[in-house]
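Biologist: I would like to go through this model with you. Show me the structure first, then I will ask how you reach each conclusion.

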Amino acid sequence: MTLRTRLALVFIAATLVPLGPTIWLTTNLFDRSLAPVDQLASVSRALEKTGRQYFQQASAQLKEDAQAGRELPLVFPGIAEAQPTTVEPAVLDAVREFRDSGEKELVTITGDGDSRIRYLVRGAPGDPVAVRVWERPLGIRMADLQREYSGARETVSRDLRHGYFVVWGLLVTVIWLVALGLVWIVSTRFSRPIVNLTEALRALAGGDFRIRVPNDRTDEIGLATQAFNLTATQLEQSRDRLVYLTQLASWQILARKMAHEVKNSLTPIRLTVEEMVARENDAAGTGRQAFLEQAASIVVDEIESLERRIRAFSEFSSEPPVCPETLDLATIVEERIAFLKTAHPEVGYVVEADADAPSAMADQDLVKGILVNLLENAAEAAGEGGRILARVIRMDDRVAIEVHDSGPGLSELARKSLFQPTISFKKRGMGLGLSIARKSALLSGGDILLISGELGGAGFRVILPAGPGPVAIDHPETGSAGAKHAIAANPGR
Amino acid sequence: MNQRRSRTVLRATLAVLVAGAAISAFAIEYNVSRLTARLDGDFLHVSAPNFSFLSGKPLERLKDGASVAFIAQLTVSTSPSYVVPDARTVARFAVSYAIWEETFSVTRITDRPEQKRSISHLTGPGAEAWCFDNLAINRSELPVDRPFYVQLDLREEDPRDQSGVIGDNGISIARMLEVFSRPVRDKQAYPLLKSGPLRLDDLQKGMRR
């Protein structure tokens with residue numbers, strides 16, 4: 001789980017856990033704050049009842065006073081031309097509407113803010129179509145009362161609890177989602193450089209010393225990134241220096257060895273030539289022919305030695321194309337040993353091959369070169385009366401050739417620098433043989449390992465990629481195919 | 001034997017009662033949804049003596065001091081199940097209630113100010129009758145030689161249809177609270193009032209009498 005997801009989950013947990021108590025608290029507060037609405041319902045009903053009673057009492061009082069003659073009416077005769085001229089148009093409209101309604105009497109509220117009460121009666125003494133109007137102040141503005149009542153009833157009719165909850169829920173959800181989005185953005189901003197740093201570290205561990213992390217921050221992450229970039233730069237510089245120094249050291253060793261080897265050959269040549277000049281100045285004729293032949297032989301030998309060394313260096317530096325093919329390693333080993341027997345008849349040879357040993361997939365010339373080198377070394381190390389064991393074995397999905405000898409073995413120093421070029425611990429040879437052999441094994445997709453020798457001397461294992469299938473072995477020595485067998489060469493030695 | 005007889009009598013009684021109830025329900029429904037049409041001058045007017053729309057939830061809201069708007073559509077067609085009527089008139093009425101005087105006021109809402117009419121100090125039936133009187137179809141639009149059907153569709157207008165969460169001043173908490181606090185109102189369902197088949201001649205005769 002990424003750091004960003006963790007941060008988002010922490011935020012969700014931290015905000016959702018208190019949600020239960022928050023809802024409970026909010027519900028309680030809403031209920032308490034909405035309690036006055038119930039009171040408002042009863043108060044509005046009381047207001048309605050009181051206002052109506054007040055109007056009815058005022059109406060009854062006006063009617064009573066009108067009938068008792070305690071208040072004089074405004075009379076609107078039936079004849080249109082005899083209408084009072086000083087009354088307001090609104091009164092005339094009310095009278096006209098009253099006439100049209102056909103009612104005998106009507107009590108209504110009128111005036112500014114419904115602050116007056118008006119009583120209209122059809123008929124007057126001597127004029128049955130006349131309309132008499134009584135009007136007096138009410139003392140209160142009934143319109144204001146009605147407006148307050150309507151507002152109160154409107155509030156009461158609303159489901160405020162539902163409204164508060166929906167609005168609260170909507171706002172909380174929106175705020176929460178916005179906060180979650182911000183947390184996501186911030187955590188992305190924090191985790192991105194860490195992810196970049198981790199990827200860069202992985203690349204650095206993989207050997208990419210040029211990797212750098214872009215950095216424009218000044219906080220702790222920025223400092224860490226800056227430190228990483230600095231470390232990577234230093235590592236790259238160190239690597240470059242190390243490579244250069246290693247190359248330089250190799251060249252120095254090569255130069256030293258070459259100088260030494262060339263000097264080794266040049267010295268006898270120079271001495272021989274000097275001797276030839278000295279003898280030329282001495283009494284001529286005495287054994288001159290024999291000396292010249294010997295001197296010429298020395299010079300030619302040393303020149304050939306120099307040629308061999310130069311050829312060896314040339315082979316070491318060359319990289320011929322690799323042509324892998326399916327190889328029967330046991331056959332190749334037997335063939336190499338047959339050649340070796342001619343040069344080293346004093347050594348006894350044994351060849352073994354596992355019955356289930358697979359074929360190898362490698363370049364035949366490279367494999368032969370490896371075997372020649374290892375077997376030659378083994379024969380030289382084994383010496384007179386020594387023994388060599390060559391074995392072909394299966395190693396999981398690979399195949400290996402082991403070469404053991406009965407020689408004196410390798411010293412600790414020799415083991416450490418065995419495969420390094422130009423270092424030779426033999427009386428003969430250039431010291432490039434094992435380097436070339438290991439290079440050939442690596443080019444074939446395998447390797448050469450130094451193992452514990454089974455015959456008391458050194459032991460080497462050449463590992464090679466296995467071929468497509470096992471090799472059917474049918475050797476005359478054993479007469480059986482596929483069985484583990486041993487071939488004895490010079491068994492009497 | 002007696003038991004079987006009494007069972008038969010019981011079943012017959014139950015059947016008669018069920019049939020009577022069904023007929024009564026049909027009669028009530030028929031009576032309520034029955035529209036009476038008459039010619040008054042050059043206009044066809046309707047009335048529904050057994051129908052009251054100032055009742056139930058609308059009346060409650062009126063008595064709470066709110067105004068309630070109704071929209072009425074009177075149609076004339078030569079077929080009882082029409083798609084496009086032969087003649088049609090639509091009117092909107094705003095009804096309010098004077099709490100202290102306990103009377104109704106009605107205003108016919110129209111786009112043209114000269115046609116706007118209102119009346120006050122009416123009883124409930126009076127207000128309903130005034131609404132019906134202000135809903136008329138011109139005689140010239142009625143089919144002369146064919147029988148026709150008159151139909152009145154009356155509905156209460158929902159004030160919520162005219163306002164949303166976003167007001168003129170944008171979104172505000174007070175506005176949201178107002179919108180989401182509105183009670184869920186079931187619209188008053190009114191029956192479709194019908195009359196017919198009618199003939200113009202019959203209506204003219206009725207007018208002369």
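Modeller: Start with a term. A polar contact is a pair of N or O atoms within 3.5 Å. Within protein, one atom must be able to donate a hydrogen and the other to accept it. This is a predicted model, and side-chain atom pairs count only at pLDDT 80 or more.

Biologist: How many residue pairs are in polar contact between chain B and chain A?

Modeller: The count is 14 residue pairs, both residues at pLDDT 80 or more. The elements of chain B that give two or more residues to this side are β4 (87-98), β6 (117-122) and α4 (173-181). α4(B) gives the most, with six residues. By class, the side of chain B that touches chain A has ten nonpolar, four polar and six charged residues.

Biologist: What makes B:E178 and A:R158 a salt bridge?

Modeller: Their closest N and O atoms are 3.8 Å apart. The cut-off is within 4 Å, so the pair qualifies. Across the interface of chain B and chain A the rule finds four salt bridges.

Biologist: How do you know what area is buried between chain B and chain A?

Modeller: The accessible area that the two parts lose on being put together is summed over both. Here that gives about 2,200 Å². Carbon and sulfur atoms give 59% of it. B:D64, B:W100 and B:F180 supply 36% of the area that chain B buries against chain A, more than any other three residues.

Biologist: How do you know that the reach of helix α2 of chain A is close to the expected one?

Modeller: The helix has 50 residues and reaches 73 Å from its first C-alpha to its last. A kink of about 30° lies at A:S33, shortly before the proline A:P36. Just after α2(A), A:G69 takes a positive phi of about 75°.

Methods
Residues numbered from 1 in each chain as written. Chains lettered and ligands numbered in written order. Predicted model: local features only at pLDDT ≥ 70, side-chain atom pairs only at ≥ 80, totals over all residues. Heavy atoms only, no water. Helix = DSSP H or I, 4+ residues; strand = E, 2+ residues; numbered from the N terminus. Expected span 1.5 Å × (residues − 1). Bend = angle between axes of the 7 residues up to and from the residue. Buried area = accessible area lost by both parts, 1.4 Å probe. Salt bridge = Lys/Arg side-chain N within 4 Å of Asp/Glu carboxyl O. Polar contact = N/O pair within 3.5 Å; in protein donor to acceptor, adjacent residues only side chain to side chain. Nonpolar A, V, L, I, M, F, W, Y, C, P; charged D, E, K, R; others polar.
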